[in-house]
Amino acid sequence: MTTDSSLVDSYGVYIDGRWVESESGRYDVVNPATERVIASAPDAGVAQVERAIAAARAAFDSGSWSAANPAERSRCLQQLSDALLARGDDIYALAQAEWGCTANERLIHVDGPAFMIGHAAELALEPAEAPMDAWGAAGTTLLRYEPLGVVAAMTPWNFPHTLNVMKLGAALAAGNTLVLKPSPLTPLAGLALARLIDEETDIPPGVVNVVTPSAIEASRALTLDPRVDMVSFTGSSAVGRDVMAAAATSMKRILLECGGKSATILLDDVDLTDELFERLLFEGCTMHAGQACILNSRLLVPDALHDDVVDRLAELARNVTVGDPTDEATVMGPLISRQHLERVEGFVERAESDGATIVAGGGRPNGLDHGFYFEPTVLTDASPASFIAQEEVFGPVLTVLRYHNDDEAVGIANDSVYGLGGAVWGTDIDRAVGLARRIRTGQISINGTIPGDAPFGGFKQSGIGREGGLMGLRAYMEPKAIGVPA
């Protein structure tokens with residue numbers, strides 16, 4: 001590993017506080033905007049993954065982190081927060097090169113995670129034990145939260161730095177040790193994070209380990225190994241089900257944040273401002289080129305407003321600047337890979353064959369001969385039961401659906417195997433909140449008011465458990481009740 005400031009580098013795996021060469025070769029890391037190789041990553045095999053687990057297990061059992069004073073854990077996490085803030089430009093350059101982060105999304109991908117770790121430092125100081133009211137108890141009942149042990153964190157490629165930091169922060173604030181396995185499409189994000197931990201913090205060796213296997217067998221070792229106490233996974237619902245099944249063999253605790261097909265409902269009294277349309281397009285289509293599980297990719301519009309809404313959204317979509325993430329004028333960057341680009345193309349082709357109408361986009365942009373780009377796409381005339389309205393595209397495709405009354409809107413919103421996010425827009429706040437209460441989803445905003453430091457997760461096949469805030473911290477802990485005589 002070089003010693004310059006760039007975080008775009010060819011790393012080894014990070015095990016027990018040391019950089020180790022891969023025993024299974026290396027693989028290329030490709031810039032999705034240029035299709036050029038920017039680095040190589042270590043292809044950890046099963047044996048190296050097992051050594052990372054052993055290091056995390058030994059570090060936990062030794063008590064170097066789990067038994068440390070909470071103030072010491074907080075101090076170390078604050079060191080990491082400071083390092084992330086100080087190296088923000090370097091992380092941004094990595095985000096542009098590895099996963100196509102644009103300037104308008106820097107807060108989500110780069111600056112926000114630094115503050116997440118700072119909040120984790122605060123959560124590390126939360127009291128782990130307190131008396132509780134217990135009916136029928138003869139004495140006092142103490143409710144104590146203890147770290148689970150070794151956490152295997154498995155993260156996706158769409159928001160890699162954000163999700164690496166979120167899981168690591170909560171796991172470490174709770175007193176656990178960690179094996180982090182990033183996606184093989186974005187391995188540098190996890191390895192760069194390990195580098196900053198190694199160089200800028202006093203987190204003890206073995207507490208954080210980062211492995212970047214490309215093979216399923218090596219990844220499955222994290223879900224099957226009995227030395228792992230918890231698997232925290234973010235990714236597709238299909239893979240989440242496999243993770244859940246494998247973790248069940250040793251009854252590991254699991255936290256799954258999976259897919260979404262969230263709906264925005266425009267009520268008939270909504271104020272159709274330009275700012276609203278810009279937000280609808282961003283939150284339903286162009287945010288990180290549509291590669292976000294929380295995307296509101298279904299837009300439910302009353303009949304009377306439908307044509308006007310579609311026309312204005314289509315015009316906005318046609319004027320989105322798509323291109324190189326390093327250009328400050330770019331609004332939407334590339335998809336992550338050629339395979340994923342072809343997948344998104346297939347969704348749009350099938351939607352059209354099923355009767356949907358493409359009113360904007362629908363293909364690769366003209367003039368971009370290199371890179372995995374797809375136009376912001378707006379579809380209408382689809383049935384709520386159609387494939388495009390039911391399946392997660394994970395690309396810049398917004399499906400506009402008609403409805404006739406509030407009950408039908410709620411029914412369409414709930415007609416999904418997913419239940420992650422959603423939104424309601426309207427002038428009558430009580431009416432909007434009433435609809436929000438009826439929608440089966442883990443998080444929902446009214447007129448753009450995103451829930452603050454609140455639990456994040458989903459209903460149905462959008463996952464199990466919650467991340468974020470105090471509830472997210474407790475998800476990485478085990479409660480223990482202690483009865484103390486009077």
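How many Å separate the centres of domain 1 and domain 2, taken over C-alpha atoms? The points below start there.

1. The two centres are 31 Å apart. Domain 1 covers 13–259 + 462–484 and domain 2 covers 263–446, with bounds that come from an automatic or database domain assignment. Keep in mind that this is a predicted model, where local features need pLDDT of at least 70 and side-chain atom pairs count only at pLDDT 80 or more, while totals for chains, interfaces and linings use all residues. Residues are numbered from 1 along each chain as its sequence is written, and side-chain values use heavy atoms, with hydrogens and water left out.

2. On to the interface. Here 27 residues of domain 1 are in contact with 31 residues of domain 2 (contact means heavy atoms within 4.5 Å). About 2,300 Å² is buried between the domains, and carbon and sulfur atoms give 60% of that; buried area is the accessible area (1.4 Å probe) that two parts lose on being put together, summed over both. On the domain 1 side, Pro32, Glu35 and Trp157 lose the most area to domain 2, together 23% of what that side buries.

3. Glutamate 35 also turns up in a salt bridge, with arginine 338 as its partner and 2.9 Å between the closest N and O atoms. The count between the two domains is 1 salt bridge (a side-chain nitrogen of Lys or Arg within 4 Å of a carboxyl oxygen of Asp or Glu).

4. Now the sheet. It is open, has 7 strands in the order S14-S15-S16-S13-S12-S18-S19, and its pairing is mixed. The edge strands, each pairing on one side only, are S14 (357–360) and S19 (445–446). Strands (E, at least two residues) and helices (H or I, at least four) are DSSP runs, numbered from the N terminus, and two strands pair if DSSP finds at least two bridges between them.

5. S12 (residues 263–266) and S13 (residues 298–302) run parallel, joined by 3 bridges. In this pair, threonine 264 stands opposite leucine 299 in S13.

6. Proline 396 deserves a look. You'll find this residue in the loop between helix H12 (387–390) and S16. Proline 396 counts as buried because its relative accessibility is 1% (buried means under 20% relative accessible area, with a 1.4 Å probe and protein chains only). Leaving out residues up to four places away in sequence, proline 396 touches several others, including Cys285, Met332, Leu335 and Phe374. Isoleucine 53 lies 343 residues from proline 396 in sequence and 38 Å from it in space, C-alpha to C-alpha.

Terms used
Buried < 20%, exposed > 50% of the residue type's maximum accessible area, 1.4 Å probe, protein only.
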